[in-house]
Amino acid sequence: MRRLSQLPAGRRPCAFQQPPSLAASACLLQSCRRKSSSLSQRPDAKHVSFPGAVKSAFVNTMHFEQPASYPALPTYRAVDQHGEVVDSAFKPDLSDEEVIKLYRDMLTVSTMDLIMFDAQRQGRLSFYMVSAGEEAVSVATASALEKEDVIFCQYREQGVFKQRGFSLADFMNQLFANRKDPGRGRNMPVHYGSRELNIHTISSPLATQLPQASGAAYALKIQRMQDPSIPPRVVAAYFGEGAASEGDFHAALNIAATRSCPVIFICRNNGYAISTPTLEQYRGDGIASRGLGYGIETLRVDGNDFWAVREATKKARELALQDGGKPVLIEAMTYRVSHHSTSDDSFAYRARVEVEDWKRRDNPIARLRKWMEARGIWDETKEKDARDGIRRDVLKAFSEAEREKKPPVWTMFEDVYENLTPDLVAQKKALREQLEAYPDEYDLGEFESDSHSSADR
């Protein structure tokens, strides 16, 4: 693989890396693949033509390939840590107002994270996960997708929800599991979801969303084959580098590659999977090298560079829709400034000075702000006004959601079966008896009026 300095003039530095086998046998990755039975080994051929490997040259000297023999895949950036453009071909494709809106989205996520982390420490909610240091990855990628595109998040994508239109009230209602929470309080905090925004509900187990994303992308592909008038859509699947150690990751990439699914895999390589640093997670060249191994076009990008991430996602979406659909992998290099969650103390496994250095040296919010200030669309006064206003809005939504009542107790029996099964009828009867025996311990609310009407369904 050539380094950036070796790229020929005119080629964009953010060009996605293609596996050598892809260039040699592109038809194998297109919808019109040859069947393995059509391959044959010609007499005196110089290359392998077995079904399992095509265009692999024969050699007469045995040599085991070593990872150290290959340079690490390059990392694309458009704007450096000083806010200066370093890609001469880069041209911002957003208006000043649009950039400011996205910057405010990043500030909102950052502000909400600080407030909710403290709230958990005060015992006002049970759990929280912050995304400090990773705001650019979520907001920038979401801004380059279409609203109709389907999204599968992990649990650090608050910026994706915010950019798509998830309100502060939506966030708070889910976090406090109140009666306005669409999930009716059944999920852990930070497990958001939105049918209206085409974002599947987050689930706790790592990487389960990845094969689901491949399957959803395959369904979208078949849908368009049956009805070409349907607008083309892609699936975006977010995950951390720790999740890439799960078997679901490998299954998802292989399914997507062999079935040519229009899915963008977006990996946040933030340095740590809870208490495990990347050096203890794998020995290969990050996550990007795995994409090449599965025959997937791949790009490694500076995750602290808002513009690089956005450019990469725009190009990835174009690629994912080419030739009827194909997968793309983006590895965004970031740094997890925060603890893994409110259940974690990251200073038990990393030095505090390391974290403070990253905060000071290369923060994605600060980098975009420097670019905006150099352009003359942002200054210290606007920054203060924005932060003060956002904080007021977050605290207002926080207060309103915290005061809201919990979901009616009877809703725990709903949304599974159209009619209650006999065992659920018995459980509901037992619950009613418990409530009637200890009326002062519970707020019966709507349960009392509903229990007789629905218990015998």
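Trainee: Where does Asp 323 lie?

Mentor: Asp 323 lies in the loop between α9 and β10 (328-333). Please keep in mind that this is a predicted model.

Trainee: What makes the phi of Asp 323 worth a look?

Mentor: Asp 323 has a positive phi of about 55 degrees, although it is not a glycine. Most residues other than glycine have a negative phi. Another residue to look at is Ile 274, which is not a glycine and has a positive phi of about 45 degrees. Ile 274 is found in the loop between β7 (272-273) and β8 (276-277).

Trainee: Why is Ile 274 called partly exposed?

Mentor: Its relative accessible area is 38%. Buried means under 20% and exposed means over 50%, with partly exposed in between, so at 38% Ile 274 counts as partly exposed.

Trainee: How do you know whether Thr 111 is buried or exposed?

Mentor: Try the cut-off again. Thr 111 has a relative accessible area of 10%, and buried means under 20%, so Thr 111 is buried. You can find Thr 111 in helix α2. Not counting residues up to four places away in sequence, Thr 111 touches Ile 390, Arg 391 and Val 394.

Trainee: And why does Gln 223 count as partly exposed?

Mentor: The relative accessibility of Gln 223 is 33%. Gln 223 is in helix α6 (residues 209-226). Leaving aside neighbours within four places in sequence, Gln 223 is in contact with Ile 230 and Arg 233.

Trainee: Let's turn to helix pairs. Why are α2 and α5 called roughly parallel?

Mentor: α2 and helix α5 (residues 168-175) pack at an angle of about 30 degrees, with their axes 12 Å apart. Angles under 35 degrees count as roughly parallel, and therefore α2 and α5 get that name. The crossing of α2 with α5 is right-handed.

Trainee: Which residues meet where α2 and α5 are in contact?

Mentor: From α2 come Thr 108, Met 112 and Met 116, and they meet Leu 168, Phe 171, Met 172 and Leu 175 in α5. By class, this contact has 6 nonpolar, 1 polar and no charged residues.

Trainee: Which residues make up the contact of α3 with α9?

Mentor: Ala 136, Val 137, Val 139, Ala 140, Thr 141 and Ser 143 in α3 meet Phe 306, Val 309, Arg 310 and Thr 313 in α9. Sorted by class, the contact has 6 nonpolar, 3 polar and 1 charged residues.

Trainee: How do you know that the reach of α11 is close to what is expected?

Mentor: Helix α11 (residues 364-375) has 12 residues and reaches 17 Å from its first C-alpha to its last. At 1.5 Å a residue, 16 Å is expected, and the reach is close to that.

Trainee: Which residues of α11 are buried, and what covers them?

Mentor: The buried residues are Pro 364, Ile 365, Arg 367, Leu 368, Arg 369, Trp 371 and Met 372. What covers them includes α2 (96-121), α3, β9 (297-302), α9 and α12 (380-403).

Conventions: Residues numbered from 1 in each chain as written. Predicted model: local features only at pLDDT ≥ 70, side-chain atom pairs only at ≥ 80, totals over all residues. Heavy atoms only, no water. Contact = heavy atoms within 4.5 Å. Helix = DSSP H or I, 4+ residues; strand = E, 2+ residues; numbered from the N terminus. Nonpolar A, V, L, I, M, F, W, Y, C, P; charged D, E, K, R; others polar. Expected span 1.5 Å × (residues − 1). Buried < 20%, exposed > 50% of the residue type's maximum accessible area, 1.4 Å probe, protein only. Axes fitted to C-alpha atoms, helices over the stretch in contact; angles between N-to-C directions. Parallel < 35°, antiparallel > 145°, perpendicular 65-115°, else oblique. Left-handed = near helix turned anticlockwise from the far one by under 90°.
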